[in-house]
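Work through the following exercises with the sequence and the model in view. Try each task before reading its solution.

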Amino acid sequence: AATRVQAPVVSHFNPIGGGQTLVAAMLVRLVHGDDPVDALRYAAAAASVNVTHDEPGYATPAEVAILLP
């Protein structure tokens with residue numbers, strides 16, 4: 001069955017690196033044993049945080065946790 005994951009809505013600043021952040025965060029969560037849907041939810045939140053920074057790669061786990069349900 002297909003699952004849809006909605007990315008958290010944030011103030012957009014810089015989209016550079018959003019896709020790379022999503023893929024990297026998902027892979028890390030899968031390697032650590034997360035369920036694929038939970039890993040995708042985390043990755044979407046990480047990518048959302050990433051676009052709020054003026055430079056890519058500054059999203060922190062604490063910022064991501066704020067956006068998770």
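**Exercise 1. Find what share of the contacts in the protein chain with a separation of 6 or more joins residues 24 or more positions apart.**

Solution. Step 1: a contact means heavy atoms within 4.5 Å. Step 2: among contacts with a separation of 6 or more, residues 24 or more positions apart account for 58%. Before going on, note that this is a predicted model, in which local features need pLDDT of at least 70 and side-chain atom pairs count only at pLDDT 80 or more, while totals for chains, interfaces and linings use all residues. Residues are numbered from 1 along each chain as its sequence is written, and side-chain values use heavy atoms, with hydrogens and water left out.

**Exercise 2. State how many helices and strands the protein chain has, and in what pattern.**

Solution. Step 1: helices (H or I, at least four residues) and strands (E, at least two) are DSSP runs, numbered from the N terminus. Step 2: the protein chain has three helices and zero strands. Step 3: along the sequence this reads α-α-α.

**Exercise 3. Compare the radius of gyration of the protein chain with that of a compact globule.**

Solution. Step 1: the radius is taken over C-alpha atoms, and the globule rule is 2.2 Å times the number of residues to the power 0.38. Step 2: for 69 residues the rule gives a value near 11 Å, and the protein chain has 11 Å, so the two agree. Step 3: the C-alpha trace spans about 35 × 20 × 20 Å along its principal axes.

**Exercise 4. Identify the residues of the largest nonpolar core.**

Solution. Step 1: a residue is buried under 20% relative accessible area, exposed over 50%, and partly exposed in between (1.4 Å probe, protein chains only). Step 2: a nonpolar core is a set of buried Ala, Val, Leu, Ile, Met, Phe, Trp, Tyr and Cys residues joined through side-chain atoms within 4.5 Å. Step 3: the largest one has seven residues, namely Ala25, Tyr42, Ala43, Ala45, Ala46, Val49 and Val64. Step 4: helix H2 (residues 36-50) gives the largest share of this core, five residues. Step 5: Ala46 is in contact with Thr21, Ala25, Ala59 and Val64, leaving aside neighbours within four places in sequence. In soluble globular proteins, nonpolar side chains tend to be buried together.

**Exercise 5. Decide whether Val37 is buried, partly exposed or exposed, and list what Val37 touches.**

Solution. Step 1: Val37 lies in helix H2. Step 2: the relative accessible area of Val37 is 23%, so Val37 is partly exposed. Step 3: not counting residues up to four places away in sequence, Val37 touches Thr3 and Val5. Step 4: Val37 and Thr21 are 16 residues apart in sequence, and their C-alpha atoms are 16 Å apart in space.

**Exercise 6. Locate the salt bridges and classify the exposure of their residues.**

Solution. Step 1: a salt bridge is a side-chain nitrogen of Lys or Arg within 4 Å of a carboxyl oxygen of Asp or Glu. Step 2: the structure holds two. Step 3: one joins Asp34 and Arg29, at 2.7 Å from N to O. Asp34 is partly exposed at 21%, and Arg29 is partly exposed at 28%. Step 4: the other joins Asp38 and Arg41, at 3.3 Å from N to O. Both lie in helix H2, three residues apart, about one turn of the helix. Asp38 is partly exposed at 40%, as is Arg41 at 36%.
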